[in-house]
Amino acid sequence: MQVLIFDDKAAVANNAAELIKKLINTKPNANLGLATGSTPVDLYKQLIVKHKNKEVYFSQVSTFNLDEYYDIDENSINSYRYFMNEQLFNHIDIDPKNTFLPTCNRHQDPRQQGTMFEKKITELGGIDLQLLGIGGNGHIGFNEPSSSFASRTRIKSLAKQTIQDNSRLFTPQEPQPDMAMTMGIATIMEAKYVLLIATGKNKAQAIQEMVNGPLSASCPASILQMHQNAIIMVDNEAASLLDNKEYFTWVSQQNQEINDSYGYFPDL
Ligand code: PGA
């Protein structure tokens, strides 16, 4: 894991956006895995600015989102499709036909719908970089604690903590879904690169368990220790419980020199 520690959440967003820009400029038809939640909002704002400044174009890019609520109308303001359109897709030159979310409706077997999503990823040649947030409970996507490291895209019941964490996004009149379709952990691990971003004190424990803890289904994100190209960008608050902070800072300075000289994405 490359752990990059920044002063604040603005610096995390800027550096994550810069890395995604480099990825697309290295491979203009990249398959980009995307995430929803509060954490990536500033990163998407930065990507929009970079697009408006003509630094990056998305016309050949395809995107795959990590998850979507079960049986939700895509026009609902709570759907992740709506979120992605509002926060990113409507403001860049991406072809909406190339944006995929793991949708799941009640009229078809969810297992089949999961398989179709996996097939689409394979058909387009796999995900080049998967963006991830992390839940306070260590989840990635909606792979809640106890999810199998071998899991593929499937329907999941959300953990109580996740429902509570996300309740801020729903008004009392809106029913909050308690199930979602999510990319599996094995699906995420097949991405050539993963970029996990986390900010704020409420993520510090999950980050500590992910980076310093044992590999455990109790902290699904800990599997990223086994990924060959896992980049973790955190602010000082999210890094506050990490062991080896000075070491990570030292390593990241050296890595940056190598990346600047030889390119950031040797495996693309
Ligand atoms: P957040 O969610 O960015 O809203 O904190 C992250 C996640 O649950 O993966």
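**Entry 1: a pair of strands**

In which sense do strand β2 and strand β6 pair, and over how many bridges? I looked up strand β2 (residues 31-34) and strand β6 (residues 129-132) and found that they pair in the parallel sense over 2 bridges, where two strands count as paired if DSSP finds at least two bridges between them. Leucine 32 of this pair stands opposite leucine 129 in β6. I reminded myself that strands of a sheet pair through backbone hydrogen bonds, either parallel or antiparallel.

**Entry 2: what I am looking at**

I noted that this is a predicted model, in which local features need pLDDT of at least 70 and side-chain atom pairs count only at pLDDT 80 or more, while totals for chains, interfaces and linings use all residues. Residues are numbered from 1 along each chain as its sequence is written, and side-chain values use heavy atoms, with hydrogens and water left out.

**Entry 3: the whole chain**

I found 8 helices and 10 strands in the protein chain; helices (H or I, at least four residues) and strands (E, at least two) are DSSP runs, numbered from the N terminus. The radius of gyration, taken over C-alpha atoms, is 18 Å for the protein chain, close to the 18 Å that the globule rule gives for 268 residues, so the chain is as compact as a globular protein of that length. The globule rule is 2.2 Å times the number of residues to the power 0.38. I also wrote down that the C-alpha trace spans about 50 × 40 × 35 Å along its principal axes.

**Entry 4: the two sheets**

I read the order of an open sheet of 7 strands as β1-β10-β9-β6-β2-β3-β5, with parallel pairing. Its edge strands are β1 (2-6) and β5 (99-100), and each of them pairs on one side only.

Another open sheet, of 3 strands, has the order β4-β8-β7 with antiparallel pairing. Here β4 (67-69) and β7 (154-157) stand at the edges with a single partner strand each, so one side of each is left without a neighbour in the sheet. The twist in this sheet averages 30° from one strand to the next.

I then followed strand β8 (residues 179-182), which runs antiparallel to β7 and is joined to β7 by 4 bridges. Isoleucine 155 stands opposite methionine 181 in β8, and serine 157 has methionine 179 as its bridge partner in β8. β4 and β8 also pair in the antiparallel sense, over 3 bridges, and the bridge partner of glutamate 68 in β8 is methionine 181.

**Entry 5: helices that pack**

How do α1 and α2 cross? The axes of helix α1 (residues 9-26) and helix α2 (residues 41-52) come within 8 Å and cross at roughly 50°; axes are lines fitted to C-alpha atoms, for helices over the stretch in contact, and angles run from 0 to 180 degrees between N-to-C directions. α1 and α2 are therefore oblique to each other (angles under 35 degrees count as roughly parallel, over 145 as roughly antiparallel, 65 to 115 as roughly perpendicular and the rest as oblique).

Next I turned to α2 and helix α3 (residues 80-87), which pack at an angle of about 40° with their axes 10 Å apart. Their contact (heavy atoms within 4.5 Å) is made by Val41, Tyr44 and Ile48 of α2 and Phe83, Met84 and Gln87 of α3.
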